[in-house]
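Let's take a walk through a protein chain together, from its overall layout down to a couple of residues. Please have a look at the model before reading on.

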Amino acid sequence: MATQMAVAMVTNWGLSEVIGPVYHGVANEDLYTHSRGGEHNHISPHTAELIDKEVKRIIEQGYNFTKISRLNILNNYIY
């Protein structure tokens with residue numbers, strides 16, 4: 001679910017400063033092949049790599065934020 005949300009943030013909603021506010025999604029696309037049925041999305045390999053890096057960055061940023069928040073909660077309220 002986190003991956004799908006991050007992909008939508010980057011490809012559909014333009015929430016990446018690296019990619020910019022450009023729509024790169026396709027309705028009903030396969031998340032991993034960037035295609036639907038026999039139709040291929042016309043994303044260059046370079047752009048696909050940038051999208052993958054941005055998705056990974058967003059997921060890692062969320063994970064790190066959650067990890068730090070959890071530690072702060074444990075330190076402030078449990079110990």
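Here is a short tour, starting with the ground rules.

This is a predicted model, in which local features need pLDDT of at least 70 and side-chain atom pairs count only at pLDDT 80 or more, while totals for chains, interfaces and linings use all residues. Residues are numbered from 1 along each chain as its sequence is written, and side-chain values use heavy atoms, with hydrogens and water left out.

Let's begin with the layout. The chain has two helices and two strands, arranged along the sequence as α-β-β-α. Helices (H or I, at least four residues) and strands (E, at least two) are DSSP runs, numbered from the N terminus. Of the 79 residues in the chain, 27% are buried, where buried means under 20% relative accessible area with a 1.4 Å probe, counting protein chains only. The chain exposes about 6100 Å², and carbon and sulfur atoms supply 59% of that area; the areas come from the Shrake-Rupley method with a 1.4 Å probe. Among contacts (heavy atoms within 4.5 Å) between residues at least 6 apart in sequence, 44% join residues at least 24 apart.

Now zoom in on threonine 11, which lies in helix α1 (residues 2-11). Why does threonine 11 count as buried? Because its relative accessibility is 3%. A polar atom of its side chain lies 2.7 Å from the backbone oxygen of valine 7. The side chain of threonine 11 also makes a polar contact with the side chain of asparagine 12, at 3.3 Å. A polar contact is a pair of N or O atoms within 3.5 Å; within protein, one must be able to donate a hydrogen and the other to accept it, and residues adjacent in sequence count only if both atoms are side-chain atoms. Beyond four places in sequence, the contacts of threonine 11 include His24 and Ile51.

Isoleucine 19 sits in the loop between α1 and β1 (35-36), and it is buried because its relative accessible area is 13%. Its C-alpha is 8.0 Å from that of threonine 47, 28 residues away in sequence.

Finally, consider confidence. pLDDT is the predictor's confidence in each residue, from 0 to 100. The chain has a mean pLDDT of 82, and 78% of its residues reach 70 or more. Among the elements, α1 has the highest mean (94) and strand β2 (residues 39-40) the lowest (49). Over residues 36-40, pLDDT stays under 50. Where pLDDT is low, the predicted coordinates should not be read in detail.

Terms used. Buried means under 20% relative accessible area, exposed over 50%, partly exposed in between (1.4 Å probe, protein chains only).
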